[in-house]
Amino acid sequence: MNALSRLYPVLKRRRTAVLAFFACVALLSLLRVAHLSLNSSSVVFLPDADADMRLAAELLENSPMSGMLFVDVEAANAEDALAAADVIEKRMPPETARAVRFRVSGMTPDKTLRLLPSFFTPEAEATLTDALSENTVRERLRDARAALQGMGGTAAVPWVRGDPLRFRDVLLSRLPSGDASSVLSAFSRPVSADGRHSLLIFRPSGDALDASAALVMVQSVHDSARLLGDDVTVRMSGGPRYAAANARAIEHDIRRIALLSLAGLALAYALLARSWGALWIFLTPMAATAIAAATTACVWPVTSGLVLGFGMSLMGLAEDYAIHMHFALRSGQNEARVYQDALPPLTQGFLLNLSGFAVLLLSSIPAIRQMAFFSVASLTAGFLLAVLLLPFLPGFSAPKRLCAERAPRVIGRQASLVLSLIVCGGLFLACFASLAGVRADFSPRALSADGPLIARDAALMRDLWHLDSGMNVILTADSRDDALIMGSRCADALRKNGWKVTTPSDFLLPEKEAKDNCARWNRWLRQNEPLLHARLEKAAQDETFRAEAFRPFFDALPRDAAPLTADAPLLRELGLREPISMALFDQETESRILLSCSAQDRPERGADDLRAAIPPEYRAHALVFSPRFLETSVAERFRQEKTLLLFAELLALLLLALFLRRPAKVLAACAPPLLSLIAALAALRLLDLPLNLASLSALPIVFGLALDHGVMVTHALERGQDGGTRRAVVLSSLTAFMSMGLLAFSEHPALRSMGCVIFAGLTAELAAALWIIPRLYVKKGPDA
């Protein structure tokens, strides 16, 4: 610290070089920040060691399923529910989203026959060859006549004329539901078992998480629901619902709070700073944040967007050093005396904060490490700017010309050990009691606006439609064909073990196999078409069908058929393109296929049972997970990181004891951070808010600012001269309060929980720094 005091004259003589150096650093930082690559992925919030969990989260994020809006329509009966769903679909702007169907729809006999060649396996060839026998043809036509004479005779006419020999039976076992009901369904979209609900699924036309598109989607559904009246109930779930609720709440909060916050900041500086030189203080946190962002980007070329958002909230800490230096320079002392008196507490406060964030670099979660590194860089930049650059800026250190103020000299004091021990001992006990009484919820869903309402609707829809229930298996292969082969064989093995499996390999074959099947079909049709004509015409005469009754069947038989590919228009017509795009995708040099699994008869079967049912040769390529388990695991990991945060704060307190040495002084300086923690946790408990990711990230900010103020006030009392310390503490707290504390009045739960912690914590630490600490000090005795 004395070295910094001796360094000051050298820096003063070379102020031009110092200014040029920081100007170059700032310019380079701005250039780097201009090309900053931000990542909104949640994978950075998963530990490095959990490779499977990180892969599962990455696949879920990249899956188009994450951006789909699920709409449940409830009415008195199925017809009303379907009609209401049609209204909602028609009113949805097509440029924003379109409805998709995860089921076979629009199936007709000619489309069935167009699908058949790609699935004409040797087993299918044997089945159709047997179907050409006279007895089998006659039996099928008798069944067709019975269908025509039944209650559904009118609906059966197209199928009897277009597929009298039931060639479609070859395909039905491969379709997702495994039976004919998915092909010959009475409804155009899913209907619940009680016949009162219909399900709509919208897929955004653009970015799945685009806030503007999500707002349009959700608002369109709300407008349609109002148009349908009170007899229809509409519920929504999915990524766009969360994105729209958050965007709406944040936009409202910005309009309501931003103006008040700016007015409060301007008023605080006008009343307490009263100096044009204080305008440089505004630039300090901005420059520190730019330098920190550029430094972080050099270490992590792709930085989490949430890290940058957290760094913006650190401006209050970076600004704190500039405020204290500003008021120290305005105290009327000479520059050497200022550095001698102000640098020790400033340096101690900086190192205390630095140590706390440095501990978080040991976290197993990459996002926390990035936040910690950003914090270390931001605090370092703010401190160096405050002690090395600001004194040389025009107007910043001109107290006589602007508003020189001299604090009266007071008698030095020392802290009372007995009083400090009593007060801080009570604060320690209250701190642990407050921590035990706060509930924690580190689920990402807890940070969403309208969280309880969305969670309620999501739970109802999950139980009704089995959304995100069951488990998933993701198989990784070198190519798409290998993935399809692997998926087909694994699905067969899982079904033999009692698992219900849905996978694209049920209705899409590898390219080579599809080509072989088509060649087999073309060969079989050329050889057997004359026999097929003869047998069917003879049987039609025997069963009294008209001669031209089965002409649609012969016209639709595909000749010179080509293999079916994943992007074939026929798949889109049948509603099969969406299941393929959701569950079969390529990433760089690999292809992955998703198997959706559920236990048919034993719901208690878990991931271990599913993994054991996978063929041994494929287990190394398989990842088993469930979306709900993934969310629970993320929350549990953050709950474990809470211990590391407590360790960081304890380390800061230990360093405080090392710096201040005397027990009474250490205990006195601990009063603001301890009281700020108690107040923050008490506010969460009184308002029934959980300790979540947002409020947890606000605790280090409050704790660090309170530590700074505790150190600064104790040093001022010890040396017997205020030096503008009280006014600096008030202004520092007010600026942080106005910029972040007003978030306590936000609608968004994440902003509100962060604001409540900062609001209560700053109020308490300011009271402790200006009222409690001075009362722990007594006048020094003659032998002091």
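**Cavities and helix contacts**

Q: How many cavities of 30 Å³ or more does a search of the whole structure find?
A: The search finds six of them. Keep in mind that this is a predicted model.

Q: What volume does the largest cavity have?
A: About 120 Å³. It is lined by 13 residues, and those closest to its centre are Gly-356, Phe-357, Glu-649, Pro-700 and Phe-703.

Q: Which helices each supply at least two residues of that lining?
A: α15 (335-359), α25 (627-660) and α27 do.

Q: And the lining by class?
A: Nine nonpolar residues, three polar and one charged.

Q: Back to α27. At what angle do α26 and α27 pack?
A: The angle between α26 (residues 663-686) and α27 (residues 693-719) is about 150°, and their axes are 8 Å apart. The two helices are therefore roughly antiparallel, as angles over 145 degrees count as such. The crossing of α26 past α27 is right-handed.

Q: Which residues make the contact?
A: On the α26 side they are Lys-665, Ala-668, Ala-669, Pro-672, Pro-673, Ser-676, Leu-677, Ala-680 and Leu-684. On the α27 side they include Leu-699, Val-702, Phe-703, Ala-706 and Glu-718. Phe-703 also came up among the residues closest to the centre of the largest cavity.

Q: How do the residues of the contact of α26 with α27 divide?
A: Into 13 nonpolar, five polar and two charged.

Q: Next pair: how do α28 and α29 cross?
A: Helix α28 (residues 725-740) and helix α29 (residues 749-775) cross at roughly 170°, and their axes come within 9 Å. That makes α28 roughly antiparallel to α29.

Q: Which residues meet there?
A: From α28, Arg-726, Val-729, Val-730, Ser-733, Ala-736, Phe-737 and Met-740. Their partners in α29 include Ile-758, Phe-759, Leu-762, Glu-765 and Leu-766. The contact of α28 with α29 has 12 nonpolar, three polar and two charged residues.

Q: Now α2 and α16. How do their axes lie?
A: The axes of α2 (residues 15-34) and α16 (residues 366-389) come within 11 Å and cross at roughly 155°. So α2 is roughly antiparallel to α16.

Q: Is that crossing left-handed or right-handed?
A: Left-handed.

Q: What makes the contact?
A: Val-18, Leu-19 and Phe-22 of α2, with Leu-384, Leu-385, Leu-388 and Leu-389 of α16. By class that is seven nonpolar residues, with no polar and no charged ones.

Terms used: Residues are numbered from 1 along each chain as its sequence is written. This is a predicted model: local features need pLDDT of at least 70, side-chain atom pairs count only at pLDDT 80 or more; totals for chains, interfaces and linings use all residues. Side-chain values use heavy atoms; hydrogens and water are left out. Axes are lines fitted to C-alpha atoms, for helices over the stretch in contact, and angles run from 0 to 180 degrees between N-to-C directions. Helices (H or I, at least four residues) and strands (E, at least two) are DSSP runs, numbered from the N terminus. Angles under 35 degrees count as roughly parallel, over 145 as roughly antiparallel, 65 to 115 as roughly perpendicular and the rest as oblique. A crossing is left-handed if the near helix is turned anticlockwise from the far one by less than a right angle, and right-handed if clockwise. Contact means heavy atoms within 4.5 Å. Ala, Val, Leu, Ile, Met, Phe, Trp, Tyr, Cys and Pro count as nonpolar, Asp, Glu, Lys and Arg as charged, and the others, Gly among them, as polar. On a 1 Å grid over the protein atoms alone, a cavity is a set of points where a 1.4 Å probe fits but cannot get out, and a pocket is an open set with protein on both sides within 12 Å along at least five of seven lines; lining residues have an atom within 4 Å of a point. Grid points are joined across faces, edges and corners, and a volume is the space filled by probe spheres set on the points.
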